[in-house]
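Visitor: I would like to go through the terms used for this model and hear what each one rests on.
Guide: Then let us look at the structure first.

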Amino acid sequence: MLRTAVVMAKKDLRLEWRARVLLNQVLPFVFVVIVLFAFGFDAKVEILTQVTPGLFWVTTFFGLELAVSRAIAIEGENQAQVGLVMMGVNPRGMFLGKVFAIVVEVLVLEVVLSAGIAVLFNSPLHEVALLAGSAFIADIGVATVGIVLAGVTEGLGGSLLPLLLFPVVSPVLLSATKVWQYGLEESPAKALPWSELLVGFSLIYLVLGILVYGVVLEG
Amino acid sequence: MTDSPQGRLVARLRDVTVLLDRFPALVRCEFDAYEGEVIFVQGPNGSGKTTLLRLLGGLVEAMTGSVFVFGRDPKTEARAIRREVSYLAHAYQMYEELSGRENLEFFAATAGCDFDQALEWTHRLGLIDRDLGARFRVLSAGQRKKISAAIALSRRCELLLIDEPHALLDQVSKARLDSGFTELARAGRTVIVASHELDRISALATRTYRMSNGSATLVESA
């Protein structure tokens, strides 16, 4: 399973690097969002600091959604996924590989986004380990649900994924936003219950995803 | 499951009907395949050839009747069956932005294909290293088909389901592919080929089924 996951993730990352979909579509969006917010709130640093967690996770969610759609789309090209199913490729390995590739792609996006926020909002990032750790775990939670839902809604129209994804991952996004808020306020102790909620939901989603993805693929 | 003087029974369909949406793609279909055979499935477009292959691979389900592949029911044991099956489909089932060689490597690492054998197949079918180094999307339709075929033929399995293998190929490649089917059958594998190339496949098939309106009729045995 792990070997399949590694090969799958390497393949997805290689395809993304060559097609540069995330780079070309999300990074300009990230740049526009940061610049517009910076101009919109002018030099009101305290307001910018307050909106940073929400802004960060709205933008990241957009990137995650696009990365999930892209991860599913590349398997639809030439019916590659049918080939994988037909050849009995381990579905759990496929699932983990896809989740891992999405998380890596979105982490890159988050690094750029964080740097942009720090520079343009004049908002130094405190508690970096907490922020980075929570981002990593939340990415896993959202990517996990995204891959499963994208598989379920495949063929039912692309507009269903965003509609279904947000309500299901809202516990992850809300707790990640709170962790970021307390992290930026240098109050890591307050972030603890939210961190536990974040880890709990992401772990449940990951385990459920591993268990059900094979059934989703067969469907 | 009983075997016969023809060898070990690999697949058996009895009174099978398959509906795709509401369209009856297979109707009361009967079909047998034994170890080491090359079976030719012929018939006009829409007669049910591809559905028959997909049914044997567990990609579609029978509404009525019984289906057994290696003594297993694809409805409940599709994954176990697929470990013993290779399927060359109409679609290339490859990644456009990977090179031919990278596609071979990927399927070798995940899907039980023998990389060296796949490489050998591509060379036998007339591809050179330069072709394999190019992105899949820039290759011609025939070159793409050859890479897909190489992967399907190099998979370590007992049953090969081959759908329209000659489409898009030049005459030399068609002949090499046919000799490959014969070699695989001699090695004890079962090869089921759906094709419109009547003369070509008839010459090497041990048995031929003619499909018409979703039903299969055995027309000859070698």
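Visitor: In which sense do strand β1 and β2(B) of chain B pair, and over how many bridges?
Guide: This is a predicted model. In it, β1 of chain B, residues 9-20, pairs with β2(B) in the antiparallel sense over eight bridges. Two strands count as paired once DSSP finds at least two bridges between them, and this pair has eight, so the term applies.

Visitor: Which residues of β2(B) stand opposite L9(B) and L19(B)?
Guide: L9(B) faces Y34(B), and L19(B) faces P24(B).

Visitor: What is there between the strands in the hairpin of β1(B) and β2(B)?
Guide: Two residues lie between them, and in this hairpin D21(B) has a positive phi near 55°.

Visitor: What is the strand order in the open sheet of three strands in chain B?
Guide: The order is β2-β1-β4, and the pairing is antiparallel.

Visitor: Why are β2 and β4 of chain B called edge strands?
Guide: β2 (23-34) and β4 (64-69) each pair on one side only. On average, neighbouring strands of this sheet are turned by 20° against each other, with direction ignored.

Visitor: Which strands does helix α1 of chain B lie across?
Guide: Helix α1, residues 49-56, lies across β1, β2 and β4 of chain B and runs at about 60° to β2(B).

Visitor: How many helices and strands are there in chain B?
Guide: Chain B has eight helices and nine strands.

Visitor: What percentage of the residues of chain B count as buried?
Guide: Of the 222 residues, 49% do. The cut-off is 20 or more other C-beta atoms within 10 Å of the residue's own.

Visitor: Among contacts in chain B between residues at least 6 apart in sequence, what percentage join residues at least 24 apart?
Guide: The figure is 71%.

Visitor: How many residues does the contact take from chain A and from chain B?
Guide: Chain A gives 20 residues and chain B gives 21. On the side of chain A that touches chain B, α1 (2-19) and α4 (80-86) each supply at least two residues.

Methods:
Residues are numbered from 1 along each chain as its sequence is written. Chains are lettered from A and ligands numbered from 1 in the order in which they are written. This is a predicted model: local features need pLDDT of at least 70, side-chain atom pairs count only at pLDDT 80 or more; totals for chains, interfaces and linings use all residues. Helices (H or I, at least four residues) and strands (E, at least two) are DSSP runs, numbered from the N terminus. Axes are lines fitted to C-alpha atoms, for helices over the stretch in contact, and angles run from 0 to 180 degrees between N-to-C directions. Two residues are in contact if their C-beta atoms, placed from the backbone, lie within 7 Å. A residue is buried if 20 or more other C-beta atoms lie within 10 Å of its own, exposed if 12 or fewer, and partly exposed in between; C-beta atoms are placed from the backbone.
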